[in-house]
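Please look over the structure below before reading this report, which goes from the domains to a core and then to a pair of helices.

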Amino acid sequence: MNLKRKNWIRALTAHPAPALNALADRLTAGCEIALTSLPQAGLGLLTLTDGAFHEPYYLGEFPLSTCRVELALPDGRRAEGGAQVMADDAELARSLAILEAILAARLPGWEQVSAHVESGAFQRSEENRRRCAMLAATRVDFALLGNTEEDGDED
Amino acid sequence: MSYVAIKGGGCAIAGAAAVTEYLRTEQGLAGGAGGPLQIEAILHQLRHLVDRVVSEGGVYHPQFAALAIKQSLGDTLEAAFALRAWRSTRPRLTATPPLDTSRMRLIRRISSAFKEIPGGQMLGPTQDYALRLLRLELMDESPEAFRAMARTWLESCPEARLPDTFPKVLDALRMEGLLPPITATLGETPFDITREPLIFPVARSAALATMSRAETGSLLAIAYSNMRGYGDVHPTVAELRVGYLPVLLPHPVTGELTEAGEVLMTECEVVAMFEPAVAGGKPVFTIGYGACFGHNEVKAISMAILDRALQKGMQDGPANPSEDPEFVLLHVDGVDSMGFASHYKMPHYVTFQSDLDRLRTTQQKSGDLA
């Protein structure tokens, strides 16, 4: 898997939350989980740079859940993971932080997380493909009337 | 203004809620045909309604916006109110760094300033060129035809290799020295309209934030007054874009900017009348900016026009209502204005009794004089 860590959350969230929660529970059966930042659901404020004068302003808010965890295996191995996800679901943030930690440190079960990241990335690329198709199917080349040889013809 | 505490009416109020629920569900009496409106159906088939509510509610939560539309029976003002009520119960966790909209994953991009723009124009999903005629075939659309429509489009859509992002038209004009310079300074903190009251004069960031969550019709009405002659913005749409903006936040462990999700948004940049040269400079076009959550082009265009009108008003003093920040910004919020209008339905018995007394006294005095 070549996907960088910063892209894992987007890929993983292509899967339904219950599936991610179940995977995180399964993979941490023998782990000690320390919450270094409690799972929390709330709001984030979206700051934009305006296109005219490049001044920052707030466009509005969005649901946000965050969590940071540290996993400790019986053999002494440790891993840190964190997640900030656009969802009103603290449990999902906790699961994502766990999956992130497992994959980052190659803890047991990382292959399953990696497979989820890859299949999620594929779903996201399909989504992008559909959006690109909307653009490609509607690309327009306006011409001034009288400047083309056959006015009225569709190219 | 005088209010009076009242008591009683509890049964009637509960009854009113039950009657409203009856109307929402009465289709179920017809037999098997009438099922509840599914949130997914609202999200997809009434997407512009959802877009309007996320925008006017000021929170990008399409699922709860759809729920609010369902419970309010399609009343956008009530739905935006419910969404804002929900947001008021949630803690604010963080703010994103200023995000650059040139990173939007576009589904539509047009310019009325140039035929050809870098990256090209793409109409995307729009009804701009559709006939405004009723499509009567949708009156009795079969589930099979419904499913086939999307499948057919997907199967026939071209494989496209397009860039992930597209350059801004305004950037090209700025490079040619046709636009005013960038005024922003690094580290500037924007005005937060959800935490601070508007005390005039306000920063432009307060005006932009207020208009971003304004009621579409209110914003359009004031912008329209400017278009029709109570103002002289005369805009040209340099670029109108609709797409998904990645929401980036620092990763809790690595600190690297990481995508937490994406928001659908509309952005409009207009070029308006040029201004004479100021000392030592050249004449340049004036510009306006509008943006909102969801796909709502009329709102983004109206906001861009009003942004320019307000800049002019703040610079030279307002010459008409659309250039007056206090007039515009205090009258475009849907929840505020709906609340004020609705409060007139509440008991005003003392106020009106006072009016009656004064009228009778005045009539009596007039009669005595006559």
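## Domains of chain B

Domain bounds are taken from an automatic or database domain assignment. For chain B this assignment gives domain 1 (10–87), domain 2 (101–126 + 136–332) and domain 3 (340–369), and the centres of domain 2 and domain 3 of chain B, taken over C-alpha atoms, are separated by 47 Å.

The model is predicted, with local features needing pLDDT of at least 70 and side-chain atom pairs counting only at pLDDT 80 or more, while totals for chains, interfaces and linings use all residues. Residues are numbered from 1 along each chain as its sequence is written, and chains are lettered from A and ligands numbered from 1 in the order in which they are written.

## The largest nonpolar core

A nonpolar core is a set of buried Ala, Val, Leu, Ile, Met, Phe, Trp, Tyr and Cys residues joined through C-beta atoms within 7 Å, where buried means that 20 or more other C-beta atoms, placed from the backbone, lie within 10 Å of the residue's own. The largest such core has 112 residues, and A:Leu96, A:Leu99, A:Ile102, B:Ala65 and B:Leu306 have the most contacts inside it. Its largest share, nine residues, comes from helix α3 (residues 90–104) of chain A, a helix being a DSSP run (H or I) of at least four residues, numbered from the N terminus. Because domain 1 and domain 2 of chain B both give residues to this core, the core lies between them.

## Two helices of chain B

Helix α8 (residues 204–212) and helix α10 (residues 297–316) of chain B have axes that come within 11 Å and cross at roughly 155°, the axes being lines fitted to C-alpha atoms over the stretch in contact, with angles running from 0 to 180 degrees between N-to-C directions. α8(B) is therefore roughly antiparallel to α10(B), a term for angles over 145 degrees.

Terms used:
Buried ≥ 20, exposed ≤ 12 C-beta atoms within 10 Å, placed from the backbone. Parallel < 35°, antiparallel > 145°, perpendicular 65-115°, else oblique.
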